[in-house]
Amino acid sequence: MTWLDLAAGPLLAKICLVVLFPFSALDKVMHWDEAMKQASSGPLPGAALMLILGTLVETVAPICIVTGYYDRIAAFLLAGFCAVTAVLFHRFWEFPGFWSKKGEGNAHFWDFWKNFGLVGGLLLVTLGGSYAPASDILAHPLSSGPQAAPADLARSLPTP
């Protein structure tokens, strides 16, 4: 195993996955009134508490994920945060013409699905466990499934 297998590859992937969250938390702190207005626009009471908890999750969970300290639970909590945020604050279906480029809900449409893209990546951290060595990825760059048989096994299989 090389440094790429053990540290650099997984570390870079985790940083890319969570880099936006600390900036989002900082934005909430720096623009508290606007963040409170958005939090109050949702269907749930307790906007201030939600905002404080959201800021805390966006600050602490990425650190845990990148450092590997309780990374699975942190990724699970951050995935839940992204899903709840999408459903509560990016309700694109409430806007007629959300599919139109100039439609009022168009930005919500894309933010909703981007949040669920993050949910998927964070669930991979939650469920994934170990990482594939870079040598395995280079040997089978297009697939990680059972069809990506080791090269020596693939050579020994009969051809039709």
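This is a predicted model: local features need pLDDT of at least 70, side-chain atom pairs count only at pLDDT 80 or more; totals for chains, interfaces and linings use all residues.
Colleague: Is the crossing in which H3 passes H4 left-handed or right-handed, and what makes it so?
Modeller: H3 passes H4 in a right-handed crossing. Residues are numbered from 1 along each chain as its sequence is written, and side-chain values use heavy atoms, without hydrogens or water.

Colleague: Why is H3 called roughly perpendicular to H4?
Modeller: Helix H3 (residues 32-40) packs against H4 at an angle of about 115°, with the axes 9 Å apart. That angle makes H3 roughly perpendicular to H4, because 65 to 115 degrees counts as roughly perpendicular, under 35 as roughly parallel, over 145 as roughly antiparallel and the rest as oblique. The axes are lines fitted to C-alpha atoms, for helices over the stretch in contact, and the angle runs from 0 to 180 degrees between N-to-C directions.

Colleague: Which residues of H3 and H4 meet there?
Modeller: Trp32, Ala35, Met36, Ala39 and Ser40 of H3 meet Ala47, Ala48, Met50, Leu51, Ile52 and Thr55 of H4, where contact means heavy atoms within 4.5 Å. By class, the contact of H3 with H4 has nine nonpolar, two polar and no charged residues. In this scheme Ala, Val, Leu, Ile, Met, Phe, Trp, Tyr, Cys and Pro are nonpolar, Asp, Glu, Lys and Arg charged, and the others, Gly among them, polar.

Colleague: How do you know that the length of H4 agrees with its number of residues?
Modeller: At 1.5 Å a residue, the 21 residues of H4 (residues 47-67) should span 30 Å, and the end C-alpha atoms are 30 Å apart, so the two agree. The expected span is 1.5 Å times one less than the number of residues. For H5, 19 residues should span 27 Å, and the ends are 26 Å apart, which agrees.

Colleague: What comes between H4 and H5?
Modeller: Tyr70 is found in the loop between them. Tyr70 has a positive phi of about 50° although it is not a glycine, and at 56% relative accessibility it counts as exposed. Gly68, which follows H4, also has a positive phi, near 85°.

Colleague: Why are H5 and H6 called roughly antiparallel?
Modeller: Helix H5 (residues 71-89) and helix H6 (residues 106-128) pack at about 165°, with axes 8 Å apart, and they are therefore roughly antiparallel. H5 passes H6 in a left-handed crossing. Among the residues making the contact are Ala75, Phe76 and Leu78 of H5 and Phe112, Leu122 and Thr126 of H6. The contact has 16 nonpolar, five polar and two charged residues.

Colleague: In which class does Phe76 fall, and why?
Modeller: Its 47% relative accessibility makes Phe76 partly exposed. Phe76 touches Leu123 and Thr126, not counting residues up to four places away in sequence. From Phe76 to Leu122, 46 residues apart in sequence, the C-alpha distance is 6.7 Å.

Colleague: What makes Asn106 buried?
Modeller: Asn106 is found in helix H6, and with 9% relative accessibility it counts as buried. Beyond neighbours within four places in sequence, Asn106 is in contact with Phe98, Trp99, Ser100 and Lys101.

Colleague: How many helices and strands does the protein have?
Modeller: Eight helices and zero strands. Both are DSSP runs numbered from the N terminus, with helices (H or I) of at least four residues and strands (E) of at least two. Of the 160 residues, 31% count as buried.

How values were computed:
A crossing is left-handed if the near helix is turned anticlockwise from the far one by less than a right angle, and right-handed if clockwise. Buried means under 20% relative accessible area, exposed over 50%, partly exposed in between (1.4 Å probe, protein chains only).
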